[in-house]
Amino acid sequence: MEGKNIYNRNKNSDTVEAKRVKNNNLNDFFSNVTHVLFDIDSTLIFHDYTNDSEKILNYYGVFECADLDKIKKEMKFFFEDRREELYSDIITKQRMAKLLEKYVPLFKKYNISGIQVIDAYGKIGIDKKCSETKKVLQELKKRGYRLGVVSNWFRDTQMSELNKYGYTKYFDEMYFWDNEYPKPHIKGCGVNIPKSKKENYVFIGDNLEEDILFAKALDIKSIWLSLEEVEEEYVFIQNMKLNSIVYPDATIKKLIDILNILK
C-alpha cells in the first residue's frame, strides 16, 4: 500500500554475524518447531497495490480526478504518520474508516466513504498466485506441522483470498485484525502463545519491520522471505520500546526453500 514505512538499516554487522554463526546449523535450530505461522500478503499470496489511490477511485467509477496527487499525499500521511492512532485501541473497520475520513477527506468529494476505501483494498490488488504455496502447505502438513496465518488486515478480505486459492483447509490457527487490540505488536492481534510453547513456533514473512519484529515481540523464531536484494538482513528498531537490532533466524529467497529448513 502507498505510504508503508521503509525500515532503517543499522551498519553494525558484527552483531548480526555473531548470531548467524551461532545459528549456522538451521535444521538443528528449527528442529523443535511444531507450529508454523505465515504472513499472508507477499508471502502466500502476492498482490500489486501500485497506485492504490487511483485504483480505488477507478473501482468506484472515478476515472478523471483533479485531486489525485492530493489524495495520494493524504493516504501516504495516514499510513506513515497516523498509524499509531489506529493502533491505540481495539481495531475495527468502523474505527479505521473514521480515521480515513479524517485524514483522507478528499475521498468524500467523490462520494467514497472510509468503509468503501477499506473494502476496495480487497478488490483492487492484482493477485499473483504463487505456484509454490500449495506445495509448501501440503508438504508441511504431511510432515506433521500445525499451520496458521497472521494478518494485520480484516478477516473477510483475507478469508476471501485464502478461500479463492483453496488454502484455508491447511490452517489450524487464523488471526486477523478484527476487534482485537494490537499488542504486543500491530501484526499480533489475538495471538497468544503460552511461554512453554514459544520455542515450538516459527513465523514466516516478507517484511523485516512488521514480520520479523512481530516474531521478536512474541519471542518466537522467525524466517524472512527476502523478495528484494538488500544490503543487510536486519533492521535497527527504535519504536515499541525495543531499542535493539532485529534480525531473522533464517533467510530464504523462495517460499519453497522452507522445506529445506523445516524437515
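**Notes on a predicted model**

1. Ile220 sits in the loop between helix H11 (208-218) and S7; helices (H or I, at least four residues) and strands (E, at least two) are DSSP runs, numbered from the N terminus.

2. Is Ile220 buried or exposed? Ile220 is buried, at 9% relative accessible area, because buried means under 20%, with exposed over 50% and partly exposed in between (1.4 Å probe, protein chains only).

3. A word on the background: this is a predicted model, where local features need pLDDT of at least 70, side-chain atom pairs count only at pLDDT 80 or more, and totals for chains, interfaces and linings use all residues. Residues are numbered from 1 along each chain as its sequence is written, and side-chain values use heavy atoms, leaving out hydrogens and water.

4. Now look at helix H4 (residues 68-81) and helix H6 (residues 93-103): their axes come within 9 Å and cross at roughly 130°. Axes are lines fitted to C-alpha atoms, for helices over the stretch in contact, and angles run from 0 to 180 degrees between N-to-C directions. H4 and H6 are therefore oblique (under 35 degrees is roughly parallel, over 145 roughly antiparallel, 65 to 115 roughly perpendicular, and the rest oblique).

5. Which residues of H4 and H6 make the contact? Glu74, Met75, Phe77, Phe78 and Phe79 come from H4, and Met96, Leu99, Leu100 and Tyr103 from H6.

Key: Contact means heavy atoms within 4.5 Å.
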